[in-house]
Amino acid sequence: MPPESLSHELQTLIGNPWDLTRRNLCLNGQRLEVLYLRGLVKEERIDQAVIRPLQDFLATIEGTSDQDLFSTDNFPPAFRTATETRILQNPKQATELLLEGWVLLVSNKAKFIPALYLPGWTKRPPSEPPGEKTLRGPREGFTEDLLENITLIRRWIKDPRLRVEEKTVGKRTKTKILLTFLADLASPELVREVHKRLDAIEIDAILESGYLEELITDERLTIFPLIQATERSDKVTAALLEGRVAILVDKSPSVLLVPVTINELYQSPEDYYLGYWLGSLLRIIRLIGNNLAILLPGLYVALVQVNPELLPSHLLLNIAGLRANFPFPIVVEVLFVAFAVEIFYESALRLPQSVASVGGVVSGIVLGYATVQAGIISSPTLVVIIVSTISLYSGPNYDVSIAWRVLKYLLILGSALLGVFGLAVTAALILAHAATLQSFGVSYLAPWAPLQPAALSDAPVRKPLWLKKRRLSTYRPQEMSRQGDTKQEDVSSRKGDEKD
Amino acid sequence: MDRKRKPVHPESEKPTSVRGSTRLKFCLLLACISLYNAGCWDVMDIEKRDLITGLALDLTTDGQVILTAQIPIPKVTLPNISTVNPKANFYTISALGASTLEAFSLFQTKTPGHVSTLKTNVLLFGERVVKKGLTPFLDTIARIPKFPIKANLMIVRGDPGQLLREEVAAAILPSFYLKHFFEAPQKSGMVYPMKLWRFYYKLDSPAIDPYLPVLDYHPEEKVFLPAGLAALSGDTLAAYLSPEESKIFGSLSEEDEEVVLSTEWHEGRFISIRYVNKRVTYQWLPPHIINIHMKANGYLLEETGATLPLTPGHLRKIEAALASKVKSQAEELIRRLQAVNSDLIGLGRIVRAKERQKWSETHWRKLYPTLEIRVNVDFTITRSGRLN
Amino acid sequence: MKRINKHKVLSPGLFFFLLFTPSLVFAFMFFPLTGAQLIGADGYLAIPVAFALTVPITLVAQYFTAQYPGLTMIEYAPFILGKTLGFLYNLLYLSGLLLITIVFFREVTGMAYGFLIDRAPFLFVTLLMVGAVLYISYYGITSVARLASFLFPASLFLGVTILLAFQNWQLLNILPIGGEPVGTYLNGGVQSLYIFYPFTLIFQATAFADRREKVFPLSLLAHGLISLLYFLNSIGITGVFTAEGITRYLWPNMEYSRTIDLPFFLFEEVGLVFNIAWGVLSYSTITIFFFFLAHGLAQLGLKSGDFHGPVSYQKILIFLGVIIFGALQLIPDLNILRAHFRSVQIIGGLLLFGLPVLLFLCSLLRVYFWRRTQNG
């Protein structure tokens, strides 16, 4: 390819966008063009990091043919020390790098294009993720920047066996995806499977890790999250140390963790920071909270409408007294209030901070009081739904709380239909559905089903750290021991209960 | 065979055909079925149920059944309702019918809501019913679905319906009053509750006869007071036991843990003893002797007219006097029960345990009145409170 | 070998629950009736006798597992009996399984009607239940076993309730111990065998087990635990209700749990929670029955060498659902079922326990003759 056309070729590929900057230079008789996209590059460093070394370089070289100007043997050494550089010949490749924030040097004669990496787009500093707050523990979460995210992980794990494998997905967005795992822990089958699924993706754009989640999940028609998403770096680190695989997606602060079990979804990193007594207690509280959130409205409908014999007599009479002369049947009331709460919740997310507190007062206190006074909704129903809504957010995982939110309605309908019996049948059906699920080959209900006695030490009561000598068998890590180097093979021949 | 780990994502576990569309079809099918059949058959809002909390059963002189039911008014029973305008917190309805169920179905015509017995705490029987035999009435009740098996049964001398109509001083329903009354641990040894399930098995088992607590109406005070027990032979009333006799029965049987006994042991000096650790052993000496040995530890609660400090010798005297008193009362009680052929203690079980082949219900009914039943009582006062 | 390996999907834990749950809940609600009716006050002695009688069944299963590793009984019966006889044998065996599935299913719906619902149409309730059962048995043995394993806390709850109900227990009610002729106890034991009918699943389940060497100890453990629990329960219920009192109830254990007084319990009755725990476990049990029935039927017309039959078990499952749904409609009343329970006991016993023992004897004979021809 004649070198003159390189610049031209680039022009046809990328067009002439507004943010493309071309700086024409004429140095020591060489006509050069520096190309970059303005927002992506640290512009203030171009003079110092590109142009000055280039000047020095061109002054020193003599007798090189123009064509081989930037060939590998003969590349400005000053660039090498400055930043990451590449030498390209293919204009298509050059465009791709340009779009990622590289600076290209195009000369009218040379057939090589040197590229220098000088990223400089605006970044958000790592801050505590709003959805996963803890009182104890690091206040840092992932940002939208891939490099920063991987750095956060690296700062935790200083182990050469931490593998970071790159992949590009999305025909147009060319989103970078990093697969992170510990080479001597994560089971090779798992890594292979993740690779396989990522490779199979055919899509033009990946805007968030949520896209990937939907594309690589085991079962598409389920409400349960089969992949865990988190913004906390300590959570990801802990997962890597259990032998799981983390998938980082560029421009997405949510990191995906696979595989996941339902046991994982009510745990918070705090459980490990606060000592084992409190940690276990908090977990149990969260478990109870989650169960209340799902079961309470259904149970209320079932007990009050169909099977009142279960309620203590005085409670029963009190509820009956409070409900006297209210117009709607309980199930309608419950559905109405629950739905109203969903709407309040959704609006509260969007309300500006300053208005939010007013909204809370209006919807919570004024409206609640008024509906009871107006004889529209009876107060026990309000109590039940509010308790259920509040306990829903006791769990640290947003994805699973959405699942519970939806399942709550199923249970209400089941209860309205057949009372406690309907509630039990619906709950059993939900469990049955969960029993058919698996996440990357791991049973979703592990370690309870299949029962893994060793792994039960982390569900929901956790063992003290000084007793936790072995990793959870749930994720089939290659190395079971946390300190020593017992291999999985030796362990599995002794303890068979840990296999699915 | 190689024993390698299973592949992480085995194809074999899940048949490929199940994924995707089949699952969707399944869900849709289920949803359609539910929608097609939808209907909340069992739904009955709680305020639309008329919960019977107490039920009284009596017979008229011409053999008709009178049922009285007590139904609370929930709106008035609320805890924080203002008591400025005190209204009755319940109402009662009565119905007369040739049979229990006929009277019961008449209830439906007298209330606005759905009459249900899900929360019936007390079941009161008139004297006539018990004299006639309880089995037919209890059978009807056993057939009512979900009837509380823990309901308290009792006999009311006088009109049992009256008891349900009577307003009690405390602002709770009469039926709850009775329920709490029979469950209060302080009253153990004075009242002997009889739960429905317990009554059923005592009725069914040939080796034991049931008893029922008795309430008496006092018109001047307008209250019902516990008045001992009714001993049944089979399902019919055999004899009434006075409160004093009931206490003796409580000490002889396994029914009661704590009994408070007051007695005159020396001229004009009364003592009260509470037994705490009571052990009764029964011994069958064929062909017709049963030994009942009761060993009890007790606390001396009160002694009227005692001036001297208690000495161990003094205590032994009290113990001996008490033992002989209880012994004579117990033997008297058992003779009475034998005379009416009512085996309240369940001595039949002791004889059956030893002579299984010979034992039969008819045999036992014949044998029981002729038995010689000896009672031995052994008292130890472990805490007198005044010993120097 | 690869073929077998592919289907070894049950870890020892899952295998245990696959056996434990059905046997625990199958006769749980009404089993004290048999002992109380046949023996009397010491009717609980029937349980150890029945336990002793069923241990040989486990041994037979162990023998077959060693002899035909990785095969279900449906597969190896034709090897032993020949093609036609084997087919007939399997058909009879599976009809026994079908019988107890229907009977159990009817008991579950009866229980629901007795204590939880009144007016809901039977058609709808059974349709819902059959649908719910089909949903999960469709996904195969792992899902079914996982569900059983996950529901283990419910069985713990049953156990705890039974222990709690001892609060009203009286020693005099369970006396005398012994005193009847041995024949009475043997008779009681034999007639109580139905409690353990679901253990017959072991003949099919071992083919799915991951570690064959653990099959025998695990099934014995499950068997022992259940027998212990039943024994305790039987003693408890006799001590509370007396033998004569038990016979009054259709589901003695349900009433037994209703007698519990827990002053600080949130609900007024433990009984209904107990009922629900049992109900959820029985849902899991029915799914297990359904799976093995369908899988067995799918293997009926099997050519040797295939694990799955010519028809996939999932298609059979739907067909089976229709049959059972129909059969349930034909049993209008639970009392009628109980009146004919004796024949269920006899037929079930002969088909589910008698046939495998017969097969075992045939197998022994075959080996014996084979040796003789080898030697002579």
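Predicted model: local features only at pLDDT ≥ 70, side-chain atom pairs only at ≥ 80, totals over all residues.

Reply: Residues are numbered from 1 along each chain as its sequence is written, while chains are lettered from A and ligands numbered from 1 in the order in which they are written.

Me: How many residues of strand β9 of chain A are buried?
Reply: Five of the five residues in β9(A), residues 245-249, are buried, where buried means that 20 or more other C-beta atoms, placed from the backbone, lie within 10 Å of the residue's own. Strands here are DSSP runs of E with at least two residues, and helices are runs of H or I with at least four, numbered from the N terminus.

Me: Which way do they point?
Reply: Val245(A), Ile247(A) and Val249(A) point one way, and Ala246(A) and Leu248(A) the other. In a regular strand the side chains alternate between the two faces of the sheet.

Me: What does β9(A) pair with?
Reply: Strand β7(A), residues 175-182, runs antiparallel to β9(A) and is joined to it by four bridges, with Ile177(A) partnering Val249(A); pairing requires at least two DSSP bridges between the strands. β10(A), residues 255-258, is also antiparallel to β9(A), over three bridges, and Val245(A) is partnered there by Val258(A).

Me: And what is in the turn of that hairpin?
Reply: Five residues lie between β9(A) and β10(A), and Lys251(A) in the turn has a positive phi of about 70°.

Me: Switching topic, how many helices and strands has chain B?
Reply: Chain B has twelve helices and 14 strands, and 39% of its 388 residues count as buried.

How values were computed. Buried ≥ 20, exposed ≤ 12 C-beta atoms within 10 Å, placed from the backbone.
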